[in-house]
Amino acid sequence: MILIGTYEMPQRKYEFLHRKEDEKPIYQKQDGQRFTQPHTTKLNVNSTYAVKVVIRPPEKLKELVIQGESIELEELTTEDEDCITYSSHFNTSGYDLSRRQKRKEVPLLFLFEGHTLIATLQCKFYKENEVEHCHWGHTLTWLEYECKVEDGSSHVDVLKEKYL
C-alpha cells in the first residue's frame with residue numbers, strides 16, 4: 001500500500017503477486033545498513049512478474065514505469081467503488097546478474113495527473129532458474145509507502161517504507 005497524503009491521505013498499493021511463469025512468490029531480506037536501503041528484493045533474470053496496483057480513493061494512474069520501461073496497465077473491475085485497481089506485469093529480460101555483495105536500485109515511477117511518485121526498489125538478480133538463494137528470506141506481498149504531496153508540488157515525498 002502506498003499512502004500518498006493530500007487532504008484525505010489516499011492509499012496506494014503496489015503488490016508483487018508472483019512470478020508469472022510458475023506463480024512462485026517473491027522473497028526479500030533485511031540487509032541492515034550494508035547497502036543504500038535496508039531491504040533487498042530477490043528476483044530472477046529473464047522472468048516475468050505479475051504486479052497489482054490499488055489506488056484508494058480512486059485516482060487515475062496515467063503510467064507506471066519500472067527501470068525506465070513503461071508498463072502497460074489494465075484497469076480491473078472490482079466491487080469496491082472506493083478504489084481503482086490495475087493489473088500488469090514486468091519482465092527482467094536483459095537485466096544483469098547481481099554479483100556478490102552488490103545490489104541494483106530499480107526505479108519505480110507512478111505518474112498521476114499533476115504529481116509523480118518516485119521510489120526505488122533495491123534488488124538482487126539471480127539466474128533464471130536459481131531457487132536456493134532467490135527463495136530464501138521473507139515472502140514479499142506488498143510494498144507500503146507513506147507519502148505526502150505538498151500543496152502546489154508535483155513531487156510526492158516518501159515519508160516511510162514498509163515491506164509486508
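## Overall architecture

In this predicted model, 68% of the contacts between residues at least 6 apart in sequence join residues at least 24 apart. The chain contains 0 helices and 14 strands, and the order of elements from the N terminus is accordingly β-β-β-β-β-β-β-β-β-β-β-β-β-β.

Of the 164 residues, 44% count as buried.

In soluble globular proteins, nonpolar side chains tend to be buried together. The largest nonpolar core of this chain comprises 31 residues, and those with the most contacts inside it are Val53, Leu61, Ile66, Phe90 and Phe110. At least two residues of this core come from each of strand 5 (48-56), strand 6 (61-66), strand 9 (84-91), strand 10 (104-112), strand 11 (115-126), strand 13 (142-149) and strand 14 (155-163). Strand 11 provides the largest share, with 5 residues.

Strand 4, spanning residues 39-44, is mostly covered, with 6 of its 6 residues buried. In a regular strand the side chains alternate between the two faces of the sheet. For strand 4, both faces are covered: His39, Thr41 and Leu43 are buried on one side, while Thr40, Lys42 and Asn44 are buried on the other.

Two pairings of strand 4 can be described. With strand 3 (residues 26-30), strand 4 pairs in the antiparallel sense over 4 bridges; here Lys29 has Thr40 of strand 4 as its bridge partner. With strand 11, strand 4 pairs in the parallel sense, also over 4 bridges, and Leu43 stands opposite Phe125 of strand 11.

## Cysteines

A disulfide is a covalent bond between the sulfur atoms of two cysteines. The structure holds 0 disulfides. Cys83 has a relative accessibility of 10% and therefore counts as buried, the cut-off being under 20% relative accessible area. Cys123 is likewise buried, because its relative accessible area is 0%.

Definitions and conventions
Residues are numbered from 1 along each chain as its sequence is written. This is a predicted model: local features need pLDDT of at least 70, side-chain atom pairs count only at pLDDT 80 or more; totals for chains, interfaces and linings use all residues. Side-chain values use heavy atoms; hydrogens and water are left out. Buried means under 20% relative accessible area, exposed over 50%, partly exposed in between (1.4 Å probe, protein chains only). Contact means heavy atoms within 4.5 Å. A nonpolar core is a set of buried Ala, Val, Leu, Ile, Met, Phe, Trp, Tyr and Cys residues joined through side-chain atoms within 4.5 Å. A disulfide is a pair of cysteine sulfur atoms within 2.5 Å. Two strands pair if DSSP finds at least two bridges between them.
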